[in-house]
Amino acid sequence: MTVLVLNGPNLGRLGVREPDVYGTATYADLVARCEAVAVEVGLDVEVRQTDDEAEMIGWLHEAADTRSPVVLNAGAWTHTSVAVRDAASQLTEPLIEVHLSNVHAREPFRHTSYISDIAAAVVVGMGLDGYAAALRHLGSDSGGS
Ligand code: DQA
C-alpha cells in the first residue's frame with residue numbers, strides 16, 4: 001500500500017517560512033521524516049508538495065483512482081478551497097488531515113477547515129510529529145480502513 005503525503009502551498013518553504021510559527025525543520029526534513037516512519041511501520045510512502053491547486057486536485061484524483069490513503073496538509077487551501085474538498089471527497093481510503101501549527105490557536109479564518117469533516121482523523125500543532133503520527137496510524141491495524 002502506498003500512502004500519498006500531499007502538501008499544499010508554501011510548505012516547500014519550511015525552515016525559512018515564519019520559523020516562529022512553523023519551526024526550523026525544512027521541507028527536506030519533512031520528507032526524510034515521513035520516509036523513515038514509513039519504513040518503520042511497513043508502508044510505502046510518496047511525499048509531494050505543490051503551490052498549484054490544479055496539481056493538488058490531480059493528485060487527489062490519482063489517490064481516488066489507485067485507492068491510496070492520503071495524509072493531507074492542504075495549507076491555506078484547507079480554509080478556502082471547495083475544489084480541494086470535492087477532490088478529497090472522492091477518496092475511498094482514509095484521509096488524515098495534518099497541520100504543523102495549531103490552527104485553532106491562530107487567526108479565526110484558520111479555524112474553518114473544508115477537509116476536517118471528511119477526514120478520518122485530524123492532527124494539528126505537533127509539527128513533523130503530526131505526519132509521523134498520521135503514518136503510524138495508517139500503518140496500524142486500526143488505521144488502514
Ligand atoms: C498549515 C496551517 C495553514 O493555516 C497555513 O495556511 C499553512 C500551514 C500548517 O501546517 O500549520 O500553510 O496548514
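Tutor: A polar contact is a pair of N or O atoms within 3.5 Å; within protein, one must be able to donate a hydrogen and the other to accept it, and residues adjacent in sequence count only if both atoms are side-chain atoms. This is a predicted model, in which local features need pLDDT of at least 70, side-chain atom pairs count only at pLDDT 80 or more, and totals for chains, interfaces and linings use all residues. Residues are numbered from 1 along each chain as its sequence is written, and side-chain values use heavy atoms, with hydrogens and water left out.

Student: How far from an oxygen atom of the ligand does a backbone N or O atom of alanine 76 lie?

Tutor: Ala76 is among the residues surrounding the ligand, each having a heavy atom within 4 Å of it. From a backbone N or O atom of alanine 76 to a ligand oxygen atom, the distance is 3.2 Å.

Student: What is the distance between a ligand oxygen atom and an N or O atom in the side chain of histidine 79?

Tutor: His79 also belongs to the ligand's surroundings, as does Arg110. A polar side-chain atom of arginine 110 lies 2.8 Å from a ligand oxygen atom. For the side chain of histidine 79, the distance is 2.7 Å.
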